[in-house]
Every structure is written in structure tokens, then in C-alpha cells.
Amino acid sequence: MRKLSDIDWDNWRAKDPATLVFVFRDNEILLIDKKTGLGKGKVNGPGGKIDPGETPEMGAARECREELDIHVSNLEYCGEHRFQFVDGYSIHVWVYRTRDFEGVPTESEEAAPLWTPLDRIPYDRMWEDDRYWLPMLISGQRFQTRWIFDGDRMLDHEILSDGQIESWGEVMAPQVREQYR
């Protein structure tokens, strides 16, 4: 399992279903410094495993409450990731974005909030795949992806465009927007 072609993706089933949420405010994105679990020590968006009986949207909202004590709404579906790790672990991640939230992002045992300017996203502190698909999310593109990782190292991947998300209009300053075209 070191290449995408090594996996029967038609019958692939993830061990864990999970979510990621990216909250936007003006020209900033809310990231977290992950303190526990998969990705500990990395910067990511809030999210985590979906509990039994939850929809991905319900899980995304719950994770934002648990990790940052914020209540998100109007989640927009952006895409899905299918991650396979060579050690056998697998995770299917539904990804959302929103501009609508209540509360002040507050540090928890799981995460420390990081409001980050869109032109200064710390990709060097994130999972290796983020630099490929996060610009798509920011620019309003939907995606479907497959990834193979050996620990923190990406071995193979595929990113398919899955259409456009309804435009938010002027989400970012013109100088930032140019980076994502």
C-alpha cells in the first residue's frame, strides 16, 4: 500500500469517519494548534471523529464546540478526503467552511485557536497534503481526494475537482485573492 493503485478504492472503507471545519473572518482563517490525537503538534482546522448517529455536519459543529467553544452554522460542504496510512489506519474526512459562528474561539485541552491571515497560512506546520487542497477550499472549489501516508509523509495522492461552491463574493482582499487564482 504505497501507491493509490495498490488499493481497491471501490471497496475501501475507512476505520474512522471524521470532519474538518474552516471558519473565515474577513481575510483570516481560524486554524488550531492540535494538542492531542492524530496530528498532535500540527496546525489544522477544528474537527475530529464523527460519533455514532451523527451526520458529518452534526459532528463538525460538535467538534467546533468541544475544541474551541464556538457554535458554527451555515456549514458549506467543500469536499471529502480518503486517507489510507501504510500501517492500516484509514480515515474518511468531510470538509466544510463557514463564516457564521458565535462565541470567542477559546483554547481547550485539545486545541489552541490561531486566527491566521490568508496570506500567511503556516503550511510548513500542517499535514503535507494541506498545501494542495486548502487553496482550493479558499478559492471556492469543491474537491474529492485520495491520499496515502506513511506516518507524516505523503506517498501518493489524487485530487479531483468537484465543482464550485456558491460564491461568497469578496471573501478576501484583492492582493490575497490573487494567490488563489
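This note covers the salt bridges and nonpolar cores of a predicted model.

1. Salt bridges overall. The model holds 14 salt bridges. Side chains of opposite charge can pair when their charged atoms come close.

2. Lys49 and Asp16. A salt bridge joins the side chains of Lys49 and Asp16, with an N to O distance of 3.6 Å. Because Lys49 belongs to strand S4 (residues 47-49) and Asp16 to strand S1 (residues 16-25), the pair ties together parts that are 33 residues apart in sequence. Lys49 has 48% relative accessibility and counts as partly exposed. Asp16, at 10%, counts as buried, since the cut-off for buried is under 20% relative accessible area.

3. Arg125 and Asp33. Here the side chains form a salt bridge at 3.3 Å, N to O. Arg125 sits in the loop between strand S9 (111-117) and helix H2 (130-139), while Asp33 is part of strand S2 (residues 28-34), so this pair ties together parts that are 92 residues apart in sequence. Arg125 is partly exposed, at 37% relative accessibility. Asp33 is also partly exposed, at 24%.

4. Arg62 and Glu66. Arg62 is buried, with 10% relative accessibility, whereas Glu66 is partly exposed, with a relative accessible area of 40%.

5. A network. Arg62 and Glu66 also belong to a network of salt bridges, which links them with Asp51, Glu54 and Glu63.

6. The largest nonpolar core. In soluble globular proteins, nonpolar side chains tend to be buried together. In this model the largest nonpolar core has 29 residues. Those with the most contacts inside this core are Phe22, Ile29, Val95, Ile121, Trp133, Leu134 and Leu137. At least two core residues come from each of S1, S2, strand S6 (76-85), strand S7 (90-98), H2 and strand S10 (141-150). Helix H2 gives the most, with five residues.

7. Leu137. Leaving aside residues up to four places away in sequence, Leu137 touches Phe22, Phe24, Cys78, Val95, Tyr96, Arg97 and Phe143. Two of these partners, Phe22 and Val95, are themselves listed with Leu137 among the core residues with the most contacts.

Note on methods: Residues are numbered from 1 along each chain as its sequence is written. This is a predicted model: local features need pLDDT of at least 70, side-chain atom pairs count only at pLDDT 80 or more; totals for chains, interfaces and linings use all residues. Side-chain values use heavy atoms; hydrogens and water are left out. A salt bridge is a side-chain nitrogen of Lys or Arg within 4 Å of a carboxyl oxygen of Asp or Glu. Helices (H or I, at least four residues) and strands (E, at least two) are DSSP runs, numbered from the N terminus. Buried means under 20% relative accessible area, exposed over 50%, partly exposed in between (1.4 Å probe, protein chains only). A nonpolar core is a set of buried Ala, Val, Leu, Ile, Met, Phe, Trp, Tyr and Cys residues joined through side-chain atoms within 4.5 Å. Contact means heavy atoms within 4.5 Å.
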